[in-house]
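Hello,

Here is the structure I promised to pass on to you. Have a look at it first, and then read on for what turned up.

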Amino acid sequence: MPKVKTRKSAAKRFKKTGTGKFKYKSQGTRHILTKKSPKRKRNLRHKVVVSKTEVPRLMRMLPYS
């Protein structure tokens with residue numbers, strides 16, 4: 001069997017947890033932060049878990065994770 005290439009763009013954005021879920025950083029934290037409330041910015045700081053329907057797609061993109 002030949003090696004399967006990893007999608008590098010996905011590898012930089014997603015990390016696999018110990019239980020097999022994938023997490024990523026929330027969008028909307030780079031710029032235009034003045035109009036966002038402190039509560040909204042605080043909630044955007046945390047990592048978010050990918051939904052179950054997207055996990056098979058990520059597993060194909062990241063075969064060795």
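**Overall architecture**

The chain's secondary structure amounts to three helices and three strands, where helices (H or I, at least four residues) and strands (E, at least two) are DSSP runs numbered from the N terminus. Along the sequence they follow the pattern α-β-β-α-β-α. The radius of gyration is 15 Å, well over the 11 Å that the globule rule gives for 65 residues, so the chain is more spread out than a compact globule. That radius is taken over C-alpha atoms, and the globule rule is 2.2 Å times the number of residues to the power 0.38. The C-alpha trace spans about 50 × 25 × 20 Å along its principal axes.

Before the details, a word on the basis: this is a predicted model, in which local features need pLDDT of at least 70 and side-chain atom pairs count only at pLDDT 80 or more, while totals for chains, interfaces and linings use all residues. Residues are numbered from 1 along each chain as its sequence is written, and side-chain values use heavy atoms, with hydrogens and water left out.

Of the 65 residues in the chain, 14% are buried; buried means under 20% relative accessible area, exposed over 50%, and partly exposed in between (1.4 Å probe, protein chains only). Among contacts with a separation of 6 or more, 61% join residues 24 or more positions apart, a contact being heavy atoms within 4.5 Å.

**The sheet**

The three strands form an open sheet in the order S1-S2-S3, with antiparallel pairing. Strand S1 (15-16) and strand S3 (47-49) are the edge strands, each pairing on one side only. Two strands count as paired if DSSP finds at least two bridges between them. S1 and S2 are joined antiparallel over two bridges: Lys 15 has Lys 23 as its bridge partner in S2, and Lys 16 stands opposite Phe 22. These two strands make a hairpin with five residues between them, and Gly 20 in the turn has a positive phi of about 95 degrees.

Lys 15 itself, in strand S1, counts as partly exposed at 49% relative accessibility. Beyond its neighbours within four places in sequence, Lys 15 is in contact with Lys 21, Phe 22 and Lys 23. Its C-alpha atom is separated by 25 Å from that of Lys 39, which is 24 residues apart from it along the chain.

**The loop between S2 and H2**

Lys 36 sits in the loop between strand S2 (22-25) and helix H2 (38-44). Not counting residues up to four places away in sequence, Lys 36 touches Gly 28, His 31 and Lys 41.

Ser 26 belongs to the loop between S2 and H2 as well, and is buried, with a relative accessible area of 12%. A polar atom of its side chain lies 3.3 Å from the backbone oxygen of His 46. Such a polar contact is a pair of N or O atoms within 3.5 Å; within protein, one must be able to donate a hydrogen and the other to accept it, and residues adjacent in sequence count only if both atoms are side-chain atoms. Leaving aside neighbours within four places in sequence, Ser 26 is in contact with Leu 44, His 46 and Val 48.

Ile 32, also in the loop between S2 and H2, has a phi near 55 degrees, a positive value in a residue other than glycine. Most residues other than glycine have a negative phi. Ile 32 counts as partly exposed, at 47% relative accessibility.

**The salt bridge**

How many salt bridges does a search of the whole structure find? The search finds one, a salt bridge being a side-chain nitrogen of Lys or Arg within 4 Å of a carboxyl oxygen of Asp or Glu. The side chains of Arg 57 and Glu 54 meet in it (2.9 Å, N to O). Arg 57 is partly exposed at 46% relative accessibility, and Glu 54 is partly exposed with a relative accessible area of 31%.

Best wishes
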